Amino acid sequence: MRRTIFTAEHDLFRETARAYFERECAPRTEEWERAGQVTREAWTAAGKAGLIGWEFPEEYGGQGVRDFRYNAIMAEEMAATGSVGIGLGLQNDVIPPYLMNLTTDGQKARWLPGVVSGETICALALSEPGAGSDLKGIRTTARRDGGDWVIDGSKTFITNGILADLVVVACKTDPEAGHKGISLIVVERGAEGFERGRKLDKVGMKAQDTSELFFRGVRVPAENLIGQEGRGFYHMMGNLPTERLAIAVSSLAAAERAFKIALAYAGERTAFGQTIGGFQATRFALADARAKLDAARVYVDGCTMALVEGHLTAEDAAAAKYWTSETAWGVIDRCMQLFGGYGYVNEYEIARIWRDNRVQRVFGGTSEIMQEIVGRSLGL
């Protein structure tokens with residue numbers, strides 16, 4: 001279906017993004033999958049191409065453009081080119097609200113230029129071994145000691161955890177105050193007591209480094225607090241709708257990629273004297289996928305414009321994340337089925353897409369949490 005949400009400027013940006021992914025990322029898929037992380041050179045190349053931090057002010061290297069359609073284009077082109085691993089979605093979709101809206105001018109001057117250039121890789125440390133979607137249950141603490149915060153605790157499932165130079169850490173600064181005692185503090189690479197744990201061996205997303213982080217008496221200056229002390233939970237809740245829509249966008253983009261390669265395979269693979277696309281069962285499976293993807297595309301584009309126009313609600317974002325990730329998973333799984341035994345062989349791209357996208361129904365809040373958020377909004 002024809003899409004109507006993009007302008008000529010967006011089309012030019014898409015060309016730049018595609019050229020970057022085709023040149024810097026797609027050829028390195030196998031290398032990065034084996035290594036379990038991407039190279040820092042790919043990050044700085046993205047920075048040079050203007051593909052990081054465009055919404056930051058021009059004085060810090062950005063372009064002062066806040067428009068989620070650019071974020072959507074990045075996710076779509078990464079999937080469309082078969083690129084893997086590079087956590088630009090986190091850097092562009094999740095981190096900017098923290099570093100734009102919660103920081104002082106001095107903090108912006110310290111951190112933003114490196115983020116935009118790709119020299120400073122960011123991570124967001126929220127999840128803990130005993131607290132995944134339950135952000136109120138975090139146990140990492142930060143106490144004041146003179147002019148410092150002293151942080152103790154651990155985090156897990158942290159995207160960019162190994163490569164990160166700047167980590168936004170959710171801490172309990174008032175352990176007796178429940179969710180009203182959570183604050184956000186930035187920990188920078190090299191801080192004494194800040195240790196990287198295991199690079200987690202995941203089912204999918206092998207090229208994206210995901211790790212444990214440990215904080216053992218880590219001292220950071222008091223001025224590394226971002227936002228208001230004790231308001232960290234509310235800051236996080238305010239940023240989650242954008243993150244969840246970003247997951248919906250990337251889920252759909254991956255399913256569209258799976259459909260494209262399955263359609264091509266159906267026209268090439270022969271069985272019983274004809275291409276498998278000649279069988280009604282195959283055509284019906286692809287027709288079903290096509291209809292679901294078209295419906296999802298209209299839905300996600302509508303949510304994208306709602307965010308651009310400033311009226312995407314937390315409930316809308318949760319519904320989009322839930323429905324799109326679940327629908328995309330069904331489409332990807334059905335496309336993989338068309339490959340038969342070859343679909344289960346790792347050298348085939350469809351196998352990687354299948355592995356990589358199972359987690360979309362989990363991170364950013366599980367499908368069950370999304371249903372709960374939507375359910376609570378129904379007035380029952």
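## Helix α1 and E24

Helices are DSSP runs of H or I, at least four residues long, numbered from the N terminus. In this predicted model, one such run is helix α1, which spans residues 8-25 and contains E24.

Is E24 buried or exposed? E24 has a relative accessible area of 18%, and because buried means under 20%, E24 is buried. The side chain of E24 makes a polar contact with the side chain of R23, at 3.0 Å. When neighbours within four places in sequence are set aside, the residues in contact with E24 are W32 and A45.

## Packing of α1 and α4

Helix α1 also packs with helix α4, which covers residues 68-80. Their axes are 9 Å apart and the angle is about 35°. The crossing of α1 and α4 is right-handed. On the α1 side, the contact is made by E9, H10, F13, R14, A17, R18 and F21. On the α4 side, R69, Y70, I73, M74, E76, E77, M78 and A80 take part. Sorted by class, the contact of α1 with α4 has 8 nonpolar, 1 polar and 6 charged residues.

## Annotated domains

UniProt, in an unreviewed entry, annotates residues 7-119 as "domain: Acyl-CoA dehydrogenase/oxidase N-terminal". Over residues 7-119 the chain is 65% helix and 0% strand. The C-alpha atoms at the ends of residues 7-119 are 30 Å apart.

The feature "domain: Acyl-CoA dehydrogenase/oxidase C-terminal" is placed by UniProt, again from an unreviewed entry, at residues 230-378. In the model, residues 230-378 are 74% helix and 3% strand. The end C-alpha atoms of residues 230-378 are 30 Å apart.

## Packing of α9 and α11

Which residues of α9 and α11 meet? From α9 there are A314, E315, A318, A319, K321, Y322, S325 and E326, and from α11 there are S367, M370, Q371, I373 and V374. The residues of this contact of α9 with α11 divide into 7 nonpolar, 3 polar and 3 charged.

Helix α9 runs over residues 314-337 and helix α11 over residues 367-376. The axes of α9 and α11 come within 9 Å and cross at roughly 145°. The crossing of α9 and α11 is left-handed.

## W354 in α10

W354 lies in helix α10, made up of residues 349-357. The relative accessibility of W354 is 23%, so W354 counts as partly exposed. Apart from neighbours within four places in sequence, W354 is in contact with W329, I332, D333 and M336. W354 and A254 are separated by 100 residues in sequence, while their C-alpha atoms are 9.0 Å apart in space.

## Residues with positive phi

F157 is not a glycine, yet its phi is positive, at about 60°. F157 is placed in strand β3, residues 148-159. With a relative accessible area of 56%, F157 is exposed, because exposed means over 50%.

M205, a residue other than glycine, also has a positive phi, near 50°. Where is M205 placed? M205 is in the loop between β6 (194-199) and β7 (210-221). M205 counts as buried because its relative accessibility is 18%.

Conventions: Residues are numbered from 1 along each chain as its sequence is written. This is a predicted model: local features need pLDDT of at least 70, side-chain atom pairs count only at pLDDT 80 or more; totals for chains, interfaces and linings use all residues. Side-chain values use heavy atoms; hydrogens and water are left out. Helices (H or I, at least four residues) and strands (E, at least two) are DSSP runs, numbered from the N terminus. Buried means under 20% relative accessible area, exposed over 50%, partly exposed in between (1.4 Å probe, protein chains only). A polar contact is a pair of N or O atoms within 3.5 Å; within protein, one must be able to donate a hydrogen and the other to accept it, and residues adjacent in sequence count only if both atoms are side-chain atoms. Contact means heavy atoms within 4.5 Å. Axes are lines fitted to C-alpha atoms, for helices over the stretch in contact, and angles run from 0 to 180 degrees between N-to-C directions. A crossing is left-handed if the near helix is turned anticlockwise from the far one by less than a right angle, and right-handed if clockwise. Ala, Val, Leu, Ile, Met, Phe, Trp, Tyr, Cys and Pro count as nonpolar, Asp, Glu, Lys and Arg as charged, and the others, Gly among them, as polar. UniProt positions are given in the numbering used here, feature names are shortened, and annotations may be inferred rather than shown by experiment.
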